[in-house]
Amino acid sequence: MIDLSVKLPGLNLKNPIMPASGCFGFGREYSQFYDLSELGAIMMKAATAEERFGNQTPRVAETASGMLNAIGLQNPGVKQIIANEVPFIAQYDTKIIANIAGSTMEEYEYVAEAFNEATDVDALELNISCPNVKEGGIQFGTDPAMAAMLTEKVKKVSRLPVYVKLSPNVTNIVDLATAIEAAGADGLSMINTITGMQIDLAKRQPLLANQVGGLSGPAIKPIAIRMIYEVYRHVSIPIIGMGGIQNAEDVLEFLLAGASAVAVGTANFQDPYICPKIINSLPEVLEKYGFHSVQEAIGKGHV
Amino acid sequence: MRQELCVIKSVQEIALDTYEMKIVNKHISEHAKPGQFLHISVDGFTLRRPISIANIDQVHEEITLVFKVFGQGTKRLASYQQEMTINVLGPNGNGFPINDRKKVLLIGGGVGVPPIHFLGKKLAEQQVELTTILGFQQKESVFYEAEFNQFSETIIVTNDGSYGEKGFVTDVLTQIDEFDHYYACGPVPMLMAVQKQLSDKQGFLSLEERMACGVGACFACVIPTKDRSGYRKICQDGPVFQAEEIIL
Ligand SMILES: Cc1cc2nc3c(=O)[nH]c(=O)nc-3n(C[C@H](O)[C@H](O)[C@H](O)COP(=O)(O)OP(=O)(O)OC[C@H]3O[C@@H](n4cnc5c(N)ncnc54)[C@H](O)[C@@H]3O)c2cc1C
Ligand SMILES: Cc1cc2nc3c(=O)[nH]c(=O)nc-3n(C[C@H](O)[C@H](O)[C@H](O)COP(=O)(O)O)c2cc1C
């Protein structure tokens, strides 16, 4: 029997697979396809203090081995999410991770505090790395001092374990990660999308209405692996890895790099069953490469 | 909506860069309503391609798609051969509401014609009196004229006047007598003109936007609405909307 379970702060996961934030809404749509209880956890779409309508369209573009998105944090606001969305996911036997975002430190604190009331939420994922909003978001994610301050403030107001989601749009990911760890984060999640652009030849202008967007999908997997590998060597808090995962082999690669669990984003759009498929094939892949459990494989790619 | 595998029965070029693909699938043929679409996985591409259902033959469990080669994805799709299998999500979205209609005007522009065809056939089965205006760029782009003629009085308009009447679909709207509802699908400038010109009528518009998940989870394909709900999702709440509800 291959043991898929992993224990992370606040998250006793039956398996290490979860849909990534923004790629799974609040679970409703994908619950038409399979029983969400199969999932280790669900990372909800970002929550902000008030309802946000997001950017103009077009919001997505296809790229070689990936896609660009500039949704702009559209969400119904934290109150609505707690009232309408969390209870829906709570029907299932899976962990709930609330992704939170904001334009100001106060907004992050407000949203984090609001989730204290949501007893079914198991952890927070602090999205300090969204490239698609005009203010906040990415600034907090590129300056280690700012990121640390934000982490500290959120830790202070929240009853929940806090995972900070790192931006790959930095020159030194280790500085950022160590500053966030020192500020008291319970874990890291990485990576968010990488800033990119596509230009419409006929219109002679950027294709996305927001001009820039975040690159995701298999195109970014090597970057995610490299960054997790580097960060793993310098921190002792667990890492939830993501970026281009499409199958159980990819999951093992993330585990070897140092991730303790993984999230699957863009791949859900191609195959709505991708998460349960990966969960089902993971034992075989672990066994094939000589592991008896997920736990055993974490960080084993380091020389 | 489900993920389904469909076997391709035929692929045929029916007009300039325009392909008709017939695929076989029981579930979709039984459940599809006019206005719904299939979200088609194309080899080598990250995102699925949304294509409307142009016709259903329930007896043979056959679905007809008509698409124009626009970029790389549709080019690849057009190269698919008979007997190959395609993976689709569908039927997706909400169809056109079609109950209690008497006299209806159908308007289709370019690749907006396929869903209007399926709709027209269904309305004709319900004895609805139909008039159809189909707009194309030029003579070589015209398709399905004979199909529409079987159930509707049909006016063809081409932008350059190389076939039918010259101009845009809105140029012939004044020729149409009384009708109680209209339905339109086509490029946004056409829909805007129709929405404006027929603002005193009850109408339904079917919209296109770049999509990712196609099921309502990712918030990529939204359209602003006039009420304070702000945005609606084209893939899940649409692609059909009441004309007065949305801001084009
Ligand atoms: C609900 C719906 C129904 C549709 N029905 C039909 C139909 O019946 N027949 C038909 O010919 N076309 C239809 N379209 C448009 C069709 O989806 C696009 O032409 C097609 O996706 C272009 O793909 P591509 O790879 O050739 O182009 P590319 O430009 O290479 O595609 C790049 C990306 O942009 C997206 N994209 C580009 N143009 C459009 C567009 N107009 N609408 C949505 N996404 C777009 C693609 O899906 C892809 O993700 C429909 C679109 C929607 C939203
Ligand atoms: C359409 C879309 C929306 C996203 N929205 C969010 C979001 O709201 N919050 C967040 O932290 N990350 C968001 N992300 C980033 C993903 O959670 C993930 O970090 C990234 O896409 C890399 O994983 P992938 O390659 O498996 O998609 C979004 C990604 C996509 C493609």
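Student: In what order do the eight strands of the open sheet in chain A follow one another?

Tutor: In this predicted model, local features need pLDDT of at least 70 and side-chain atom pairs count only at pLDDT 80 or more, while totals for chains, interfaces and linings use all residues. Residues are numbered from 1 along each chain as its sequence is written, whereas chains are lettered from A and ligands numbered from 1 in the order in which they are written. Helices (H or I, at least four residues) and strands (E, at least two) are DSSP runs numbered from the N terminus. With parallel pairing (two strands pair if DSSP finds at least two bridges between them), the order in chain A is 3-16-15-10-9-8-7-4.

Student: What angle does helix 4 of chain A make with strand 9 of chain A?

Tutor: Within the sheet, the twist averages 25 degrees from one strand to the next. Helix 4 (residues 144-157) of chain A packs on the sheet, touching strand 8 (123-127) and strand 9 (162-165) of chain A; contact requires C-beta atoms, placed from the backbone, within 7 Å. Axes are lines fitted to C-alpha atoms, for helices over the stretch in contact, and angles run from 0 to 180 degrees between N-to-C directions. The direction of helix 4 makes with that of strand 9 an angle of about 155 degrees.

Student: In strand 15 of chain A, which residue is the bridge partner of M190(A)?

Tutor: Strand 10 (residues 187-190) and strand 15 (residues 239-242) of chain A pair in the parallel sense, over three bridges. The partner of M190(A) in strand 15 is G241(A).

Student: How many of the five residues of strand 13 of chain B are buried?

Tutor: Strand 13 of chain B runs parallel to strand 12 (residues 181-185) of chain B, joined to it by five bridges. With strand 16 (residues 240-242) of chain B, strand 13 pairs in the antiparallel sense over three bridges. A residue is buried if 20 or more other C-beta atoms lie within 10 Å of its own, exposed if 12 or fewer, and partly exposed in between, with C-beta atoms placed from the backbone. Strand 13 (residues 202-206) of chain B is mostly covered, the number of buried residues being four.

Student: Why does Y289(A) count as partly exposed?

Tutor: Y289(A) is found in the loop between helix 9 (274-288) and helix 10 (294-297) of chain A. Y289(A) counts as partly exposed because its number of C-beta neighbours inside 10 Å is 13.

Student: How many residues of chain B are in contact with chain A?

Tutor: Strand 5 (60-63), strand 6 (66-69) and helix 8 (267-270) of chain A are the elements that give two or more residues to the side touching chain B. In all, 29 residues of chain A are in contact with residues of chain B, which number 22.

Student: Between which chains does ligand 1 lie, and which element gives the largest share of its shell?

Tutor: Ligand 1 lies between chains A and B.

Note on methods. Contact = placed C-beta atoms within 7 Å. Near = placed C-beta within 6 Å.
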